[in-house]
Amino acid sequence: MADLEVVVRYKSRPAKIALTAVVALLPIWGIILPGYLVLLLVSIFVGVNTFYEPIRLLGPVLGMILVIIVGVKAVLNLADNRIVLSKLGIEFPFFLGSTFGLRRTFSWATIRSVQLVESEKKREVVVHTTDGFPVYMDVSCFAPEELEQMLVGLDVWAVNCKKDPALELLQDELQTSSDKRLLPSYTAMWESELSRRFSSTAYVPLEPGHVLQDGKLKVVNQLSFGGLSAVYLCQRNERDLVILKEAVVPGDNQNETKQKAMELFVREARILMQLDHPAVVKVLDHFVENDRQYLLIEYRGGQDLSQFVKQNGAQSEAKVLGWALEIVGILEYLHAQEPPIIHRDVTPDNLVLDPEGAIVMIDFGAANEFLGQATGTLVGKQSFIAPEQFRGKATVQSDLYALGCTLFYLLTAQEPVPLSVSHPRISLDSVAESVDSLVASLTAMEVEDRIQSAADARSRILACLAQCQPVEA
């Protein structure tokens, strides 16, 4: 698959005026130049005493040729108003390029910061590069949906530069008013970057009937598989059903990096094994076999929320908020551990309704984090991953972002747009403004702008629930 590029147009008024002027003047020079050429030829063949000396005509002729060449080049440069973003970097139009257009293309490593500068007359997005020449872009020169695409592109690819928090407000403003038909392109941008970050591997999942731990574990069937990991339903000691989560690191990875990741995985697995909460599945064991890392997890029957919504459609606010209270209760418990346990994979696929209708958290992102540490890749469901987790810096607020994305899915039966503030009211106008505000606060792009704790989220959910109709029996 070809690498994804995002192309946006920057419609600069000064550049348009300059282009118009150059285009208008070029025909004039095109008319004058032939006349001078005729005079030059006549002066050569008829005689220098009849007309001007050829040497005196040669200078203006060469000058006009040079002017026309420069004019054509100027037309080409001024007519190209594209800003191109890709995994390699960002390319600006000639009239925006750093060092007066001499340098137009920058790798992401050379982008130091991006900020939003506002004055009484205009707002500008300013890109600061390592060469010291900032690039100023007037917000009004973009179509709103293309400006949003550029900001999303900066979030996806410019992961190491410092970003002004005001850009998030601008992006939120654009998302509220943008044409939703354009949103799949953002998903494509995200998926393309995730695909690029994955290393190729010959990983083959285990087949049903495969045995592990000297015959103590037998694979019954494969539940899921993707990238470098798989989840299996297994039988333990020929009687108990358990869940086995597998993570595989390609053999070409650096030993030091791989060893460090394995140590982190073992440490987190031991912490998870100490958890004791009725709504959290127990991690029973961890082990390594044939260079594959495994987590053995308690089996809980039931239907996950993803399947439930696919079968039953979008759910009522009261029901979703009731589920949200159960989920934040689980997150409060995990985040209260010492050190806090970040789940990293709070999605509808990992939330199951048990036979009594209660929410159970069935999986952790420990194996995903292990793969990320060992391979430099990102593992997880992209629509639910917080921006900072995408950059490899997950926090407890990353789980709250995923919670907000989960609520959006439950309310609308649609997956949220990756790397964005989610507003369910845009997709379904019957959603109350208070609930829409709750989801938006959970999915704020910057960690400091998000709801900060599961306890705070609980208070907001209770306030919304008080305004909703009772849950249907």
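Predicted model: local features only at pLDDT ≥ 70, side-chain atom pairs only at ≥ 80, totals over all residues.
Reader: How many helices and strands does the protein have?

Author: There are 14 helices and 17 strands. Both are DSSP runs numbered from the N terminus: helices are H or I with at least four residues, strands are E with at least two.

Reader: And how much of the protein is buried?

Author: Buried residues make up 48% of the 473 residues. Buried means under 20% relative accessible area, exposed means over 50%, and partly exposed is in between, using a 1.4 Å probe and protein chains only. As for contacts (heavy atoms within 4.5 Å), take those with a separation of 6 or more: residues 24 or more positions apart account for 60% of them.

Reader: OK, helix packing. What describes two packed helices?

Author: The angle between their axes and the distance between the axes. Axes here are lines fitted to C-alpha atoms, for helices over the stretch in contact, and angles run from 0 to 180 degrees between N-to-C directions. Take H8 (residues 317–335) and H14 (residues 454–466): their axes come within 9 Å and cross at roughly 165°.

Reader: Which way do H8 and H14 run relative to each other, parallel or antiparallel?

Author: H8 and H14 are roughly antiparallel. The cut-offs are under 35 degrees for roughly parallel, over 145 for roughly antiparallel, 65 to 115 for roughly perpendicular, and oblique for the rest. Their crossing is left-handed; that is, the near helix is turned anticlockwise from the far one by less than a right angle, whereas clockwise would be right-handed.

Reader: What classes of residue make up the contact of H8 with H14?

Author: Residues of H8 that meet H14 include Leu321, Leu325, Val328 and Glu332, and among their partners in H14 are Ala457, Arg458, Ile461 and Leu465. By class, that contact has 13 nonpolar, two polar and two charged residues. Ala, Val, Leu, Ile, Met, Phe, Trp, Tyr, Cys and Pro count as nonpolar; Asp, Glu, Lys and Arg as charged; the others, Gly among them, as polar.

Reader: Can you zoom in on Val328: what does Val328 touch?

Author: Val328 sits in H8 and is buried, at 0% relative accessible area. Not counting residues up to four places away in sequence, Val328 touches Leu403, Ala454, Ala457, Arg458 and Ile461. Val328 and Leu403 are 75 residues apart in sequence, yet their C-alpha atoms are 8.3 Å apart.

Reader: Where does H11 pack, and at what angle?

Author: H11 (residues 396–412) packs with H13 (residues 433–442) at about 145°, with the axes 7 Å apart. This crossing is left-handed. The contact divides into ten nonpolar, one polar and no charged residues. On the H13 side, Val435, Leu438, Val439 and Leu442 take part.

Reader: How many residues of H13 are buried?

Author: Seven of its ten, and H13 is mostly covered. Those buried residues pack against H8, H11, H12 (424–427) and H14.

Reader: Now rings. What describes a pair of aromatic rings?

Author: The distance of the centres and the angle of the planes. Rings of Phe, Tyr and Trp (its six-membered ring) pair if their centres lie within 6.5 Å; planes under 30 degrees apart are stacked, over 60 edge-to-face, and the rest tilted. The structure holds three such pairs. Phe287 and Tyr294 have ring centres 5.0 Å apart and planes at 20°, so they are stacked. Both Phe287 and Tyr294 are buried.

Reader: What about Phe308 and Trp323?

Author: That pair is edge-to-face, 5.7 Å centre to centre with 85° between the planes. Phe308 lies in H7 (residues 305–312) and Trp323 in H8, so the pair ties together parts 15 residues apart in sequence. Phe308 counts as buried at 15% relative accessibility, and Trp323 does too at 6%.

Reader: Last one: is Leu223 buried or partly exposed?

Author: Leu223, in strand E10 (residues 217–226), counts as partly exposed at 48% relative accessibility.

Key
Residues numbered from 1 in each chain as written. Heavy atoms only, no water.
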